[in-house]
Amino acid sequence: MARLVMKFGGTSVGSVERIKNVAQKVKREVEAGHQVAVVVSAMSGETNKLVDLCKAIDPVHDQREYDVVVASGEQVTTGLLSIALQAAGVKARSWQGWQIPIRTNGMHGRARIESIEAERLLADMAGGTVAVVAGFQGMGPEDRVATLGRGGSDTSAVALAAALQADRCDIYTDVDGVYTADPRIVKKARKLDKITYEEMLELASLGAKVLQTRSVEMAMNHRVRTQVLSSFADQPGTLVVDEEEIVEKQIVSGVTYSADEAKITLIGVADRPGIAASIFGPLSDAGINVDMIVQNISEDGKKTDMTFTLGRADLDRAVAQLEKMKGQLDWAKLVPDKNVVKVSVVGVGMRSHAGVAHTMFKALADKGINIQAITTSEIKVSVLLAADYTELAVRSLHTAFGLDAE
C-alpha cells in the first residue's frame, strides 16, 4: 500500500465528463489499496472569468478580496469531484485550504506556503476516505484566504505530498510527460522516462510550462518523487527524481525556449564604478527582475553600452523607470526590443563533459543565427536570439545534441 497525492489541472476537470473520468482514475488507485489525496484546480477558464470580474469592478482592487473571489473556482471543483467519487462508490470529502489548514504568508495573489497541518487529513485517509483538496489556495495572516499565483495548484500538490510523507506525487496534465523539446515545434522530440530535480527546475524556469517552477523547487527541497502524466491516456509519464536514480545521464536532456523576453540597450552610459548599481538598483526596487547582462568594453574609458534582458511584461515599466533616471545616468540612447527569445540547453551531464557551449554555438552559426547574449550555469547554457529564429534554433540544437527520436 502506498500513500499518493494526485493532482489534476484545469483541463483535466474542465467538464462534468472529465471530472467523472478523474473519479475513475482515483477509484483505481483506491481499489489497488492506496491511501489517496487529490488536489484539483478550477475548471479550465473559470479563474480567468473570476479575474475579469474583479477587474471589471475595479482595475486597482484589494488583493485580499481578489483572493476570496478567485479561490472559489477550486472550491467548486472539490465539491463536484467529491460527488463524482461518492457516485462511483468511493468515500470522499472535500477540503478547502483554510480547513486543513494550509498556512501561507500575507503576499496575497502570490502567497507562499509556510506550513500544512495534515493530521486531520491523515486520519481521514487512514479510514479509507479520499481527501479532495483545493489547490492554489491557503490561509494567510488573520485567517484570510490567500492564493498562490498562476500554476499554484502544482505547488499545493507537492507541498501536501511532503506534509503527508507521500510515496509519490502524480501531476496529471494535458501532456503525457516531459519531452526533450516542445513536441509542437520538434516532431522528433522524445518523452523522458526520468529527469532530475535540477534539470526540471532549470527547464521550468527557462520556459518549459509542464510544471510550475516553485513546485519543482519544493519537490527538490523535500525529495518528493513527482510524476508528470496525462489525464487522457493510461500510460506511464516522466518521473522527476534524485540524480542518483538516473544511471545513464545524457549530456543534454532538453532544449527549451522562453518567448516572454525583452531586451534593453543603454548606449553611451558613463563608464565609472557604481554605474551598474545605479541602473539595476532602482529596477530591483520597482520589482523588475533582470536576467542576462552584457557590458561592452569602453574604448575611451568614458562611455560604454549596457544590454540586459527582462520579462516582456516588465518592459514598459522598466523603460519608464530608466527615463526618469536619464539625468543621473546620462545615457545617450535607450533601445528597447521585444523581438527576442531565450533558447537554452539543459543537462546534468554538462558537469562532466566539456564542449557543450562550442557545440551549441556552432550549431547556431551553421544556420546563420546570431547570438546577442549568453548566460551559463553548471547544468545549462542560454542564448538570446532574434525571435524569428526560435523554431530553427530549437530544432537545430535538438539534432546537434543527439536528442532526435529515431
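Tutor: Before we start, helices (H or I, at least four residues) and strands (E, at least two) are DSSP runs, numbered from the N terminus. This is a predicted model, where local features need pLDDT of at least 70, side-chain atom pairs count only at pLDDT 80 or more, and totals for chains, interfaces and linings use all residues. Residues are numbered from 1 along each chain as its sequence is written, and side-chain values use heavy atoms, leaving out hydrogens and water.

Student: Okay, where is D271 found?

Tutor: D271 sits in the loop between β14 (261-270) and α9 (275-285).

Student: And what lies 26 residues from D271 along the chain, with C-alpha atoms 9.1 Å apart?

Tutor: That's I297.

Student: Which strands form the open sheet, and in what order?

Tutor: Four of them, in the order β15-β16-β14-β17, with antiparallel pairing; two strands pair if DSSP finds at least two bridges between them. The edge strands are β15 (290-295) and β17 (333-337), each pairing on one side only.

Student: How many bridges join β15 to β16?

Tutor: Four bridges link β15 to β16 (residues 303-311). In β16, F308 is the bridge partner of I293.

Student: What does α9 touch on the sheet?

Tutor: α9 packs on the sheet and touches β14, β15 and β16, where contact means heavy atoms within 4.5 Å. Helix α10 (residues 315-324) packs there too, touching β14, β16 and β17.

Student: New topic: how are β19 and β20 joined?

Tutor: By a hairpin through two residues. Five bridges join β19 (residues 373-377) to β20 (residues 380-386), and the two run antiparallel. I374 stands opposite V383 in β20.

Key. Axes fitted to C-alpha atoms, helices over the stretch in contact; angles between N-to-C directions.
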